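Let's take a walk through this protein together. Keep the structure open beside you and find each spot as we go.

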Amino acid sequence: MSYQLMAGTLAAYLKALEANQQRWLEAQRELYQSWSAAMRPGYPLAENELQHRLDGTLLAGVTLSQVPLDSQHRLMQVTEKWVAALNRAMLDKLEHESLHPSIAVLRQALQLGDASYGALSKASRQVGHFASTSFSSATVKAARDMRHVWKQR
């Protein structure tokens with residue numbers, strides 16, 4: 001059972017790493033395309049074309065900076081699933097063991113650890129989601145503020 005569990009976990013990690021790498025490359029490509037589009041000649045630009053170019057580079061930058069946060073979240077999910085499956089496997093194995101008091105204490109400790117780990121995982125996911133959302137909205141707010149200052153000039 002432990003070999004299958006570890007093999008499945010490693011496969012999930014590799015899949016997550018591959019997806020993260022692909023997303024990273026896509027975000028870099030988007031950023032380079034937006035930069036090259038923004039640097040195209042054709043000045044003076046109309047106001048809406050200038051705003052479009054600025055928005056494109058800003059959004060591409062936000063996407064690029066969001067990739068590590070999303071990657072961390074995916075890898076955290078794989079780890080959480082592995083720990084939960086490992087704990088479940090140990091509890092299942094202990095369920096079929098003798099009813100010796102030391103086994104009962106071990107089983108209770110594993111159940112408590114599982115509940116604690118579940119609560120901590122949920123809290124860390126919520127913190128990560130909040131940080132990711134706050135980061136994105138801070139970038140958008142900075143862009144709005146920049147536009148406001150630009151229009152005043």
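The largest nonpolar core is made of five residues: Ala27, Leu31, Ala60, Leu64 and Val67. A nonpolar core here is a set of buried Ala, Val, Leu, Ile, Met, Phe, Trp, Tyr and Cys residues joined through side-chain atoms within 4.5 Å. Helix 1 (2-38) and helix 2 each give two or more residues to this core, and helix 2 has the largest share, with three. Helices are DSSP runs (H or I, at least four residues), numbered from the N terminus. In soluble globular proteins, nonpolar side chains tend to be buried together.

Before going on, note that this is a predicted model: local features need pLDDT of at least 70, side-chain atom pairs count only at pLDDT 80 or more, and totals for chains, interfaces and linings use all residues. Residues are numbered from 1 along each chain as its sequence is written, and side-chain values use heavy atoms, with hydrogens and water left out.

Now look at Thr9, in helix 1. Is Thr9 buried or exposed? Thr9 is buried, because its relative accessible area is 8% (buried means under 20%, exposed over 50%, partly exposed in between, using a 1.4 Å probe and protein chains only). Leaving aside neighbours within four places in sequence, Thr9 is in contact with Val78 and Trp82 (contact means heavy atoms within 4.5 Å). Over in helix 2 you'll find Asn87, which is buried too, at 7%. Asn87 touches Leu110 and Asp114, again not counting residues up to four places away in sequence.

Next, the charged pairs. How many salt bridges does a search of the whole structure find? It finds three, a salt bridge being a side-chain nitrogen of Lys or Arg within 4 Å of a carboxyl oxygen of Asp or Glu. Arg23 pairs with Glu26, with the closest N and O atoms 3.4 Å apart, and these two sit in helix 1, three residues apart, about one turn of the helix.

The side chains of Glu80 and Arg125 form another salt bridge, at 2.5 Å from N to O. Glu80 lies in helix 2 and Arg125 in helix 3, so the pair ties together parts that are 45 residues apart in sequence. Glu80 is buried, with a relative accessible area of 11%, whereas Arg125 is partly exposed at 31%.
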